[in-house]
Amino acid sequence: MTSDSTHNGTGGPLGFALHDHDVCVSDTLAAAEARCAADGLRFTPVRRKVLEILLQEHRALGAYAILDRLREDGFGSQPPVAYRALDFLVLNGLAHKIEQLNAFIACVHPSEAHTPAFMICRLCDAVAETHSSPAKGALGDAARATGFRIERTIVEAEGVCPTCAEKADA
């Protein structure tokens with residue numbers, strides 16, 4: 001997820017850092033509710049539940065895994081239930097789609113406009129979100145040199161998270 005010193009105290013990517021996960025979940029749900037209220041968006045019970053499911057772990061989840069959890073909680077078993085909620089969450093910046101995994105992850109900065117970059121552990125599927133600046137660096141330089149205007153980027157890096165690296169070294 002995103003780096004957030006209010007949750008993990010390190011300023012590093014939250015998905016790989018020790019933090020108070022209950023505070024992470026409750027603060028993010030509260031921020032999402034406030035954002036929806038401020039923007040006049042309907043934060044329905046199923047949308048809230050899908051966001052809560054995504055917040056339960058710092059791992060990307062596919063739509064069918066989310067649907068299974070929704071079914072367990074009595075929210076229905078038809079794929080459109082999950083897909084509509086996910087579409088709403090992504091469209092409104094409350095969740096992100098991890099293209100490489102065809103899966104979704106909650107955004108812990110729902111009140112901030114940002115360009116995320118994702119670090120995905122190839123061993124445990126943990127995902128950490130950090131901020132990206134596509135207009136800076138080599139990509140931004142190349143775009144400016146050709147007159148191209150970057151509107152959206154998707155940065156997904158695959159590697160090994162600190163926990164898995166420690167296990168491999170032990």
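Mentor: Read along the sequence, the elements come in the order α-α-α-α-α-β-β-β-β-α-β-α, which amounts to seven helices and five strands. Here helices (H or I, at least four residues) and strands (E, at least two) are DSSP runs, numbered from the N terminus. Before going further, note that this is a predicted model, in which local features need pLDDT of at least 70 and side-chain atom pairs count only at pLDDT 80 or more, whereas totals for chains, interfaces and linings use all residues. Residues are numbered from 1 along each chain as its sequence is written, and side-chain values use heavy atoms, with hydrogens and water left out.

The part I have picked is strand β3 (116-121). Five of its six residues are buried, so β3 is largely enclosed by the rest of the structure; buried means under 20% relative accessible area, exposed over 50%, and partly exposed in between (1.4 Å probe, protein chains only). For the protein as a whole, 39% of the 170 residues count as buried.

Now consider the neighbours of β3 in the sheet, bearing in mind that two strands pair if DSSP finds at least two bridges between them. One partner is strand β4 (residues 127-131), which runs antiparallel to β3 and is joined to it by five bridges. A117, for example, has T130 of β4 as its bridge partner. These two strands form a hairpin with five residues between them, and in that turn D125 has a positive phi of about 65°.

The other partner to look at is β5, which runs parallel to β3 and is also joined to it by five bridges. Here C121 stands opposite G159 of β5. The loop between α6 (137-146) and β5 (155-159) holds R152, a residue that is exposed, with a relative accessible area of 64%. Although R152 and T115 are 37 residues apart along the chain, 8.0 Å separates their C-alpha atoms. Over the whole protein, if we take the contacts between residues at least 6 apart in sequence, 52% of them join residues at least 24 apart, where contact means heavy atoms within 4.5 Å.

In general, an α-helix has 3.6 residues a turn, so residues three or four places apart point the same way. Just after α4, G74 takes a positive phi of about 80°.

D39 is partly exposed, with a relative accessible area of 44%, and its C-alpha atom is separated by 9.6 Å from that of N92, a residue 53 places away along the chain. When you return to β3, keep its two sets of bridges in view: five to β4, running antiparallel, and five to β5, running parallel.
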